[in-house]
Amino acid sequence: MHDSPSITILPYTHVVGQEQLKLALELSYIAPRVGGVLISGQRGTGKSTAVRAFSQMMYGRLPVTLPINATEDRVVGGWKIDELMGGRAEPQEGLLEEADQSLLYVDEINLLDDHIVNIILDVTSTGILVVQREGRREQKPTSFTLVGTMNPEEGGLRPQLLDRFGLMVNVTAETDGDLRGEVLRKVLALDEGLFQMSRGLSSRFIESGAENDRRLREEMELARERFYEVDLPPEIARKCVALAESTQAEGHRGDYVLALAARACAARGGMYRVGVGHLEQVAQLALQHRRPGSLHGERVLWTPEDEERTREVLASA
Amino acid sequence: MPDVGVSSYSPLVRGLACAALDPGLRSILVFDIAPAELQRVSRRLSLMLSLTTGHPASEVTLSSNSTDDELWGIEPADGRQLSFLGISRRGLLSPLDDDRAVQVVVVHDLARLSLAAARACLMLAGAEAAHLERHGQHRIWRPHICWLAACPSEDVGRISPHLLDRFALRLRPDSDVTRPARAEWLLAEVSDEASAADAEHIALPHELVQQLSRASKVSRTQSEAALTRVLRLTGAETYHPRRTLALARLARACARLDHDSREVTLRHVEEAARLIGLKPLHGGAAEDLPTPEPPRDAPQEAEQDWPPRFEQPDEATGRAEASAPKFTEVQRQEEIYDSGAPQEFALSPIDVTPYPEDVVPPQREAASLRFPSTRQKADGTARGPVLGVRKAHSLHDLALVSTLLEAAKYQVIRRLHSAEERPGMLLSPADLRSYRRAPVPDQMLLLVLDYTCLHDLDWQTALLPHLSWAYVERANITVVQVGAAGRAEDLRAEKISADSILAPPIWAAFERVRGRATPLAHGLELALFALRHGLQHGRGSLSRARLLVVSDGRGNVPLEGSHAGRVKGAVGREGIEDALEVARQIRSLGRVDALLLNPQPRLYPDLPPALAEALGATLETIPRAAGGEN
């Protein structure tokens, strides 16, 4: 049971800019088979804030969070210590089980212990959580959307873990002066709202955000319901393959994730057919971390040449 | 007893007051502050936080050997179950019973904070929510922590910028304490049994108490002009979102302390910038700024006995009279902070910038916040500092207390299912825990580079095999620079050390050029001390060292001259003989594989072989660089 206390955070609809980040989170909700989102970027760009806000909006609570110093018993499950010391063996579910059919969030994922990374890799690749420790022997099907945030200055991800993420977002600080100002206003407004609430008063800022979040959640849930009603034409499927080939995407998941993400994007927009525009919107998200070098630990970058190549492939027959 | 010599308006105190008001500022980094003074600052801060939050504030201190278990504890939420062991296993950072109480977490030297504590700071500082998932513990809470860390400015390169970015408020100790004020403080110190220097006896000035009490009940909105100024002050070219937000919050806190103001104005932004040491940009054309607000009169303080404010003492009486507070609002026209075009800050001196990490070269390894790889030559000894504990796979280096605590969880169940009564604890191999230690190099590469003989030589190629060896062996590396240009003291050699060949200062050493003198004897002496320390000192002693000397043996500074910093008269062969003497001492150490790279000098070609013999070193020649001559 995931019981997070009531902690007021910035409403998702008050998150300014970061459109790619928000799109990736929304697509991963609409189509969980996309396989999770890695958010990599500069310090202070609101990565963690956006993830928590998204979870608050969609699930009504903070995401199940795996901190970087988590011990194995809390990750895969163990025993309730207080019961154990009273002579009763009562299992305590771990974070991976808590996150089943939901979102598992790892902040600073590139700082995670190798041992815990291995556990996550096992579960995400097999879909089965195997608990064989401290006298427990269980296997449970487990499926969650893995969302990780990281600052690449502190090191990259192991290629095996990088590959588990369906989508990857490179986050940079806003360059638009107006947007920077708006970011600042929103955060200061949240501070003010929290101050008012601490004095027993209400905050219009927070209330309006919650209301907007509610509307957006309804749209997202509708998009998720309609996902399989969205048509993926054969020519779009061919373009997915062509795009993956043009970027020399390693492995076999690139075109698959691209197709899923494009479909989710169409559903998100209320469309019933995937078009070239949807592919263009999601190509970078689905493919940038699958190129040669990325999976071997080199810095991931999507260049203007990549953009141009994408347009050329999409424009060709 | 009120705090002597503390002005309500000193930048440091003002900054602390702002942090006490605004949760977004409760990650404070103070540069170049003495440990004793940091304790006093911590105490003041705790008092302020108690005042503004209405809840008690406690203090904890993190250190260079804080481990995850110490920080987070290992007991379940209610904390009772391990009491039978007589051990308190609540962590330093575990959530408090009173979820509104504030903790002041003190770090005396951020550059030397343990890896576990640094990672904890990364997780908690500025976080909306904290998550504890360790050893059966499952807690989620909003942290009410105020981080107070100190760091010498010159060491900031040792800290990850990712961690530094978490510190919103950058302050420095007050540098404007007048001599009379200091003298008055001394008089109070030596005459009062309850020493004012004792952090326990610190109290806040009455006026500050009043200010904080008033300010904690009010809020202030930002004027658009103030917001725009904040955005411009924190740069267009080098935009750091957290810095912008911190300055905006600081300005807002200043406005809250300003009883007469109803909103955050340009004046408050100015004040905030001054508090953290942000300087105005230089040059550029004036822009169409809003009309500067009229300067305020200096605040009139209610007369009070304590603390007094002092002018220079009267010459006749030697006594100083109380006067107006020495911090006054600046009575001047508003300075120009920006031009029409984006410009970078002129902040090269590290002692005038709140963000020295932008100018100090990195002195840390890459990915410094990760637990180090365990790939290490196994030498059968447990030598590195403890980072944590892990499940043991052998009986080597067991963590006994952690093992017992692990076993404690199962005692009742084991006894229920045990056929016989047995005294003591029932242990199982699964209970065993061993220490997880930081890798410690067991070999050293020591280079003595005589820059005055390196011209026209391909010496860097000659070093490559040895550098490769150091990388593979994870050896630590020391470079002794003899006769390098750009040093203030030509007569002395300089030593730099690093845990790895990849450290930036090591590579910078290979770029140096020749200087004016050759203090070879001093350089070899530094090498001797480094070898002795590495081979003979403490538990971390090395198994073996590789010494590489690149020199023509022509030391022209006697050892005494290097020690004294000056040379008297002609030196003759004194510098050479001193170098040979130190070399013989190195030879006597043992466990040193020495090699001398001979630059094949035309003058005195017998010196390099003589030096090699004194060192007990193998002699190799350095090839000429293509097209070079000696």
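1. Helices here are DSSP runs of H or I with at least four residues, numbered from the N terminus. Helix 2 of chain A (residues 47-59) contains Ser48(A). Ser48(A) is buried, at a relative accessible area of 16% (buried means under 20%, with a 1.4 Å probe and protein chains only). Leaving aside residues up to four places away in sequence, Ser48(A) touches Tyr105(A), Asp107(A) and Thr149(A) (contact means heavy atoms within 4.5 Å).

2. The model is predicted: local features need pLDDT of at least 70 and side-chain atom pairs pLDDT 80 or more, while totals for chains, interfaces and linings use all residues. Residues are numbered from 1 along each chain as its sequence is written, chains are lettered from A in the order in which they are written, and side-chain values use heavy atoms, without hydrogens and water.

3. Chain B and chain A bury about 5100 Å² between them, with 57% of it on carbon and sulfur atoms; buried area is the accessible area (1.4 Å probe) lost on being put together, summed over both parts. Of the area that chain B buries against chain A, Glu128(B), Glu133(B) and Tyr239(B) supply 12%, more than any other three residues. In contact terms, 60 residues of chain B meet 58 residues of chain A.

4. Eight salt bridges are counted between chain B and chain A (a side-chain nitrogen of Lys or Arg within 4 Å of a carboxyl oxygen of Asp or Glu). One salt bridge joins the side chains of Glu128(B) and Arg52(A), at 2.9 Å from N to O. On the side of chain B that touches chain A, helix 9 of chain B (residues 241-257) gives the most, with eight residues.

Note on methods
Buried area = accessible area lost by both parts, 1.4 Å probe. Helix = DSSP H or I, 4+ residues; strand = E, 2+ residues; numbered from the N terminus. Buried < 20%, exposed > 50% of the residue type's maximum accessible area, 1.4 Å probe, protein only.
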